[in-house]
Amino acid sequence: MDASAISGFNGSQTALIQPEAMSGLNGDTFVAFSSHAIGGLTADHVSNLPSDIFTQSDGSPNLSAIEQIAALQPEAVAGLSLEHIGHIPGDAPGPWDPIFEAHEGSDIGAVLTADQISNFSNNVFHNHFNSDVIAALSPEAASGISGDVMASIDSEDMSGFTAEHIEALPDDAFSAINDIKLENLDPSAMSAFTAEDIDALYSGASRGLTAEQFENIPTEALSGFDSDDINLLRPDVIEVLDSASLNAMDASAISGFNGSQTGLIQPEAMSGL
């Protein structure tokens with residue numbers, strides 16, 4: 001059918017279309033449906049849409065097709081497969097709230113792209129970007145987490161980051177990791193930190209380090225600490241310092257230790273000075 005003919009369908013009619021018939025649509029014919037007609041579609045209809053229906057033949061986003069998602073009933077949005085979601089162009093203003101709500105508890109994080117993440121609204125991060133979504137991200141997708149994005153992520157959801165994610169983060173993301181965010185990172189994620197990453201952390205972030213996290217930081221990365229960082233380390237962190245740790249720190253950083261801290265250093269660790 002011509003797109004002009006498709007526009008004649010109403011909601012009660014589209015509800016009667018056999019779901020598998022939707023596979024014959026393309027972007028042009030899909031956008032020809034009125035919003036009322038789109039509202040008659042079910043999850044079964046939506047699940048049968050071609051996976052690339054939100055992308056034009058030249059690879060650019062089919063914005064009109066993406067806007068049709070907003071006209072779907074909430075239960076119909078659940079018909080969008082993860083493959084559909086992965087095909088939504090990153091620079092398209094997709095209706096991400098209903099998409100996340102319909103796929104809560106799924107592996108939606110696994111199909112998200114760096115471009116999509118970098119264009120999400122703060123509302124998406126606050127309401128939907130939880131630790132499970134973060135844990136499912138590919139390292140490539142994690143590269144879309146800029147400093148602004150990191151600042152929008154709730155501290156309690158930082159536990160979703162893995163070492164592979166940390167390694168993929170852009171440099172400016174670390175400047176948004178404060179003490180509370182740092183404290184919530186899984187200790188194993190610290191193994192990917194470099195000296196440059198530590199140096200870039202938000203001022204005062206070292207206050208949040210736990211002993212288990214510190215023990216997972218590569219020795220060569222400890223040169224990233226400065227005297228202010230050292231002065232803020234917790235007592236339990238001071239107690240796990242060993243000779244290799246002290247030897248790896250810059251002399252200027254060592255000057256940050258105060259009397260109450262040096263009293264907690266293991267005597268044998270002094271051999272690293």
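**Exercise 1.** In this predicted model, where does D228 lie, and is D228 buried or exposed?

*Solution.* Begin with the secondary structure: D228 belongs to helix 19, which spans residues 227-231. Next, take the relative accessible area of D228, which is 56%. Since the cut-off for an exposed residue is over 50%, D228 is classed as exposed.

**Exercise 2.** Which residues form the negative surface patch with D228, and where does its member D172 lie?

*Solution.* The patch brings D228 together with D148, D171, D172, E196, D199 and D226. To place D172, look at the loop between helix 15 (163-168) and helix 16 (179-183). The relative accessible area of D172 is 40%, so this residue is partly exposed.

**Exercise 3.** Determine whether H84 is buried or exposed, and state what lies 2.7 Å from a polar atom of its side chain.

*Solution.* First, locate H84 in helix 8, which covers residues 82-86. Then compare its relative accessible area of 2% with the cut-off for burial, under 20%; H84 is therefore buried. Finally, the atom at 2.7 Å from a polar atom of the H84 side chain is the backbone oxygen of L49.

**Exercise 4.** Where is P267 placed, and what distance separates its C-alpha atom from that of S155?

*Solution.* P267 is found in the segment after helix 23 (259-262), and with a relative accessible area of 62% it is exposed. P267 and S155 are 112 residues apart along the chain, and 35 Å separates their C-alpha atoms.

Conventions. Residues numbered from 1 in each chain as written. Predicted model: local features only at pLDDT ≥ 70, side-chain atom pairs only at ≥ 80, totals over all residues. Heavy atoms only, no water. Patch = residues over 30% accessible without salt bridge, like charges linked within 9 Å, V, L, I, M, F, W, Y side chains within 5 Å. Areas by Shrake-Rupley, 256 points an atom, 1.4 Å probe, with all protein chains shown as cover. Salt bridge = Lys/Arg side-chain N within 4 Å of Asp/Glu carboxyl O. Lys, Arg positive; Asp, Glu negative; His and termini not counted. Charge placed at Lys NZ, Arg CZ, Asp CG, Glu CD. Helix = DSSP H or I, 4+ residues; strand = E, 2+ residues; numbered from the N terminus. Buried < 20%, exposed > 50% of the residue type's maximum accessible area, 1.4 Å probe, protein only. Polar contact = N/O pair within 3.5 Å; in protein donor to acceptor, adjacent residues only side chain to side chain.
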